[in-house]
Amino acid sequence: AMCPLRNPGGHWNDSGYWQNLNTHEWDANGKAFKNVWETCNAGAVLCNKVLAQLESKKDDLDPALYDRFVAELKVVRAYYYYTLFDCFGRIPYSESFEIAYVPQSTPEEVWERLVSELEENTPKLPVANVPSKAANYGRVTQGLGYALLARLYLNAESYDVSATKLATYDVYNKCITACDRVIDSEVYQIEPNFFTNFAINNENSKENIFVIVENGNANFDYRDIPGTMANKLRITMLTLHYSHQQLWGLLEKPWNGFCAPEDFISKYAPEDVRGLCDASLGTNDTERRGWFVGPVYDKNGNIAKDENGVDVVITSTIYSGADYAVPATSITDVSWNSGARLLKYEVEKNSTINKYCENDFVLFRYADVLYMKAEAILRGGTGSLSDLLDRADFQLIRTRANLTPYTVGTLTREELYNERGR
């Protein structure tokens, strides 16, 4: 994704903040880094605080419940530290709640602690359908624990884990084992429709493993209802054009920001439903696609005009120039209508309640687990790639997108990386 400076008007300038994320022109004081650092550290510290509180009340709790809560908190903490670790490498890792200086640990030290915590605590978590998936929705289960563990094993080499440790841990086979724990649980399935996973009400997806539960209600204030969520997913607002409000009757006027660069969009085949929509769809958007290009209509069915009097026709090509009709040479002078807009998450049209997205934000999906196993085999893990590719659920990831299933000859590492992007 990219968020260009849009002209006329210099929209999304924000002192160069968004553009710098794409050009990599930042310094150590960048707000994005500060936010990730503070949010993830705060989440991990909060887990340590609650763990200390639980320990002080251990005698008052049912032992089985206590063990589950402890395991759950430790895996949540591992997720916070994993996110921080994935961004920074050297981090102040701590498993205790105290006011004390915590020195930075090396990447290898952090990696080993995360692996150890997940190996120890994931088996203590419930399988997602016990007692029911609804009861465990939005909470960590064995599915998340093993999927996160698989990620750590698969990417160990990129985390500066030494060759000795890589061999000792047998990382690619351990990745396969972790993936098989998720697969063999038979809790998750590849959905026949890719977009089921990102629907407005996607809590019934059989493919999603772990989500952030969102509440899109414009009037909802978590402070009025103790114990409820404060999350507001605004992905629709961030990407759609201002004029999409007219087309789809949105409570909030979208902000016309994030879009896809052309080199990414070019990785989609024309028939791939995850790719570009047909420019002729207009308001008849029953053929769901992952990215919007084409005309945006007003409430009378005519192509909308923006505040500059220009027809709103979204293009995947990034344009700029005085008449905004020549290909852009930078992301600091881009037209309002340039760049494909994300439609993966279903847009809630004509809502009278939800200002933001009611869709729950997906962090881990079963398709990811199947592709991690494939990559671990490609990297030297023991297992039959042919057998994996022959699985009906593995093939469904492609066929539901109108694409041909992979064979041993076509699924290379480079192709797998491109497919992950798609």
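Is Glu 186 buried or exposed? Glu 186 has a relative accessibility of 67%, so it counts as exposed. The cut-offs are under 20% relative accessible area for buried and over 50% for exposed, with partly exposed in between, using a 1.4 Å probe and protein chains only. Glu 186 sits in the loop between α8 and β2, and its phi is positive, about 60 degrees, although the residue is not a glycine.

Some ground rules. This is a predicted model, in which local features need pLDDT of at least 70 and side-chain atom pairs count only at pLDDT 80 or more, while totals for chains, interfaces and linings use all residues. Residues are numbered from 1 along each chain as its sequence is written, and side-chain values use heavy atoms, with hydrogens and water left out.

Now the overall picture. The chain has 15 helices and ten strands; these are DSSP runs numbered from the N terminus, H or I of at least four residues for helices and E of at least two for strands. For 422 residues, a compact globule would have a radius of gyration near 22 Å, and the 23 Å of this chain agrees with that. That radius is taken over C-alpha atoms, and the globule rule is 2.2 Å times the number of residues to the power 0.38. The C-alpha trace spans about 70 × 55 × 45 Å along its principal axes. Of the 422 residues, 47% are buried. If we take contacts between residues at least 6 apart in sequence, 62% join residues at least 24 apart, where contact means heavy atoms within 4.5 Å.

The accessible surface comes to about 20400 Å², and carbon and sulfur atoms hold 51% of it. Areas come from the Shrake-Rupley method with a 1.4 Å probe, and for residues only the protein chains shown count as cover. On charge, there are 42 positive and 57 negative ones, and their mean positions are 2 Å apart. Lys and Arg count as positive, Asp and Glu as negative, and His and the chain ends are not counted. Each charge is placed at NZ of Lys, CZ of Arg, CG of Asp or CD of Glu.

Next, the charged pairs. How many salt bridges does the structure hold? It holds 24, each being a side-chain nitrogen of Lys or Arg within 4 Å of a carboxyl oxygen of Asp or Glu.

One of them pairs Arg 365 with Glu 207, at 2.9 Å from N to O. Arg 365 is in strand β10, residues 361–365, and Glu 207 is in the loop between α8 and β2, 158 residues apart in the chain. Both Arg 365 and Glu 207 are buried.

Another joins Asp 368 and Arg 420, also listed at 2.9 Å, N to O. Asp 368 lies in helix α12 and Arg 420 in helix α15, so this pair ties together parts 52 residues apart in sequence. Asp 368 is buried at 12%, whereas Arg 420 is partly exposed at 34%. A network of salt bridges with shared partners takes in Asp 272, Arg 274, Arg 398, Glu 415, Glu 419 and Arg 422.

Now some helix positions. Where is Tyr 146 found? Tyr 146 is in helix α6, residues 142–154, and is buried at 7%. Beyond four places in sequence, its contacts include Thr 122, Pro 123 and Arg 181. Asp 180, in helix α8, is partly exposed at 21%. The C-alpha atoms of Asp 180 and Lys 373 are separated by 8.1 Å, although the two are 193 residues apart along the chain.

Last, the backbone. Asp 160, not a glycine, has a positive phi of about 65 degrees and is exposed at 61%.
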